Amino acid sequence: MSRRYITTAIDYPNAAPHMGHVLEKVLADVCARWFRLKGDDVRFQIGTDEHGTKMQRAADKEGVTPQELADRNVELFTGLYDRLQISHDLFIRTTDQKVHWPTVQVIWKKLADAGMLEKRSYKGLYCSGCERFMTARDLTDGICPNHQVAPEEVEEENYFFLMSKDTENLKNLLTKEWDGESYRIIPNNREKETLALLDQGLEDVSFSRPKSSLDWGIPVPEDDEHTMYVWCDALTNYISGLGLFTDHEEREWWDDATVTHVIGKDIARFHALIWPSMLKHVGVRTPDELLIHGFLTSEGQKMSKSTGNVVVPDDVLEKFDGNPDPIRFYLSHEISVGSDGDFSWDRFEKLYDARMRNALGNLLNRVLILIQKEGGKIAIPDSPSDTTQAEDGWKKFGESMDSFEVHNGIQQALALVDVLNGAIDTTKPWTLEGEEKVTLLSRFAESLRHVSLMLLPFVPQTAQAIAKQLGVPYAKSMLEKDFVITEQMKEFGGQKDWQTIGEPSILFPPLS
RNA sequence: CGCGGGGUGGAGCAGCCUGGUAGCUCGCGAGGCUCAUAACCUCGAGGUCGCGGGUUCGAAUCCCGCCCCCGCAACCA
């Protein structure tokens, strides 16, 4: 058995969560659930990054304190993730002074002791209207588009993290190894992109702001005049959640686990470069895998408030009376891991109808009703061809899932559904009688049991509903975190204590 | 010459790393079945895999050049 630590990016709660947040959490949750199901010891962490000027400004605008804003908005995230049945073990908040801050401050001190932090003056173009430094791209003809004024050149003191020292090391870490450690980027088309960053050369990174320009954050240890900027604060959540460098360390989840960070392409550079560099200089090993997902468009267009095409996740849930599985299914099935994808209501409804309702739900129903008419008994015959197919199916499925090609995994499960629907028409069980009929139908039911197990990481509730209708004895414990898909369960006819079916019912109702 | 991503039948995508009969979902046409949620199955139409060149016995896949879309991932969480 192996240990796995899976994390997502921590979300910035200056506004309500959108589909992009959901994509990432569902992807990570599918992975976490899969590894649990195969028997790994899994710890899964998500959270919120609550500091910074954006939060400060959003709070000022509303006339509340940043903490009040954070407390209020964080509930939008935790509530949504509960409704989506994200199976995290810890939700970490960067404003948590007990869980998060102590580790961060130790990290800072260790980086300082290692000679990796240096106070320098930073010169930039500051717009007093925006209250922030502007980059060349922010400006139109050198003028702030929001305030129609030219920003002034301002100089301030920052602590810089001397990352440029690690350029070669990081390249080695990502391509070969650094001190025997390697950090793999998944999928490999993202690897190329990230490595290109290295070729551009690495610059040192600003790690702090004067307190006068950034107050809402973690104070720099032993320097009252400065507040930590996002990197040291936010990235550290991955180990502060494990209590590293405190008296309640759970270090086995880092040192003796496969560590996988699930993040979006926008923050790949920080996770691929700054984070491992920080870790090395505080004497903590680097993570193992960086799983980078793409962005979602909405109806083929970039999601933005001005376009008005931002999809509110709760609207999607509401369409299905709070059932999280349709959206979990859509995101898993339609978006290739790592690629950009699109959310379209039309596509979403069609997929629900065609795949979930017609292919899967209807198959379950037709099989169960036929069995019910024969008395509801299950009698799975020995069948070498079925046995081989089950073995091959699980092998392929496992390979897809293990390599994080989860879209292939769910599609394989659905491909099996198609095969079964076809086989029913060919074998016409309704024309048979007696034992012949029961054994044939039992084979279909048994195949559906396998489908249900394969769907379990993606659509847990649905997978359990299928197993319950099938009457599989383990059905009631399927959603528990210690439920494991055993070798026996993966065998065709391996569930010896399964005798009768349950009560058939409509798995997915039609859309109104 | 900023950096990336993409261009595959009507629509949306997979395949490309590790060359070898072009695959999936939706849509369309014609049959079939009647167990089932007006569902299901079969067959069919529809593609010079952006363009040009190269490597190869063989290229959607590898190499070179070009065209067209999209993103910003430059201290933006």
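A pocket is an open set of grid points with protein on both sides within 12 Å along at least five of seven lines, and its lining residues have an atom within 4 Å of a point. The views below come from a predicted model.

**Figure 1. The second largest pocket and its lining residues.** The lining of the second largest pocket consists of 23 residues. Nearest the pocket centre are Q389, L416, V419, L420 and S447. Sorted by class, the lining residues are 13 nonpolar, six polar and four charged. The volume of the second largest pocket is about 550 Å³. Rolling a probe the size of a water molecule over the atoms shows where empty space is left.

**Figure 2. The protein surface near RNA strand B.** There are 44 residues around RNA strand B, and those that come nearest are Y12, Y122, W231, R269 and K302. The class counts for this surface are 16 nonpolar, 11 polar and 17 charged residues.

**Figure 3. Polar contacts between side chains and RNA strand B.** This view covers a base, a phosphate and a sugar or linking position. At the base, an oxygen of RNA strand B lies 2.7 Å from a polar side-chain atom of R209. At the phosphate, a polar side-chain atom of S336 is 3.5 Å from an oxygen of RNA strand B. In the side chain of N362, an N or O atom is 2.6 Å from a sugar or linking oxygen of RNA strand B. Two or more residues of the surface near RNA strand B come from each of α6 (188-199), α7 (230-235), α10 (268-281), α13 (345-373) and α15 (406-427). Helix α13 gives the most, with 13 residues.

**Figure 4. An open sheet of three strands.** The strands run in the order β14-β13-β15, and their pairing is mixed. Strands β14 (301-302) and β15 (341-343) stand at the edges; each has a single partner strand, so one side of each is left without a neighbour in the sheet. Between β13 (residues 296-298) and β14, the pairing is antiparallel and runs over two bridges. In one of the pairs shown, S298 has Q301 of β14 as its bridge partner.

Methods: Residues are numbered from 1 along each chain as its sequence is written. Chains are lettered from A and ligands numbered from 1 in the order in which they are written. This is a predicted model: local features need pLDDT of at least 70, side-chain atom pairs count only at pLDDT 80 or more; totals for chains, interfaces and linings use all residues. Side-chain values use heavy atoms; hydrogens and water are left out. A residue is near a molecule or strand if one of its heavy atoms lies within 4 Å of it. A polar contact is a pair of N or O atoms within 3.5 Å; within protein, one must be able to donate a hydrogen and the other to accept it, and residues adjacent in sequence count only if both atoms are side-chain atoms. Helices (H or I, at least four residues) and strands (E, at least two) are DSSP runs, numbered from the N terminus. Ala, Val, Leu, Ile, Met, Phe, Trp, Tyr, Cys and Pro count as nonpolar, Asp, Glu, Lys and Arg as charged, and the others, Gly among them, as polar. On a 1 Å grid over the protein atoms alone, a cavity is a set of points where a 1.4 Å probe fits but cannot get out, and a pocket is an open set with protein on both sides within 12 Å along at least five of seven lines; lining residues have an atom within 4 Å of a point. Grid points are joined across faces, edges and corners, and a volume is the space filled by probe spheres set on the points. Two strands pair if DSSP finds at least two bridges between them.
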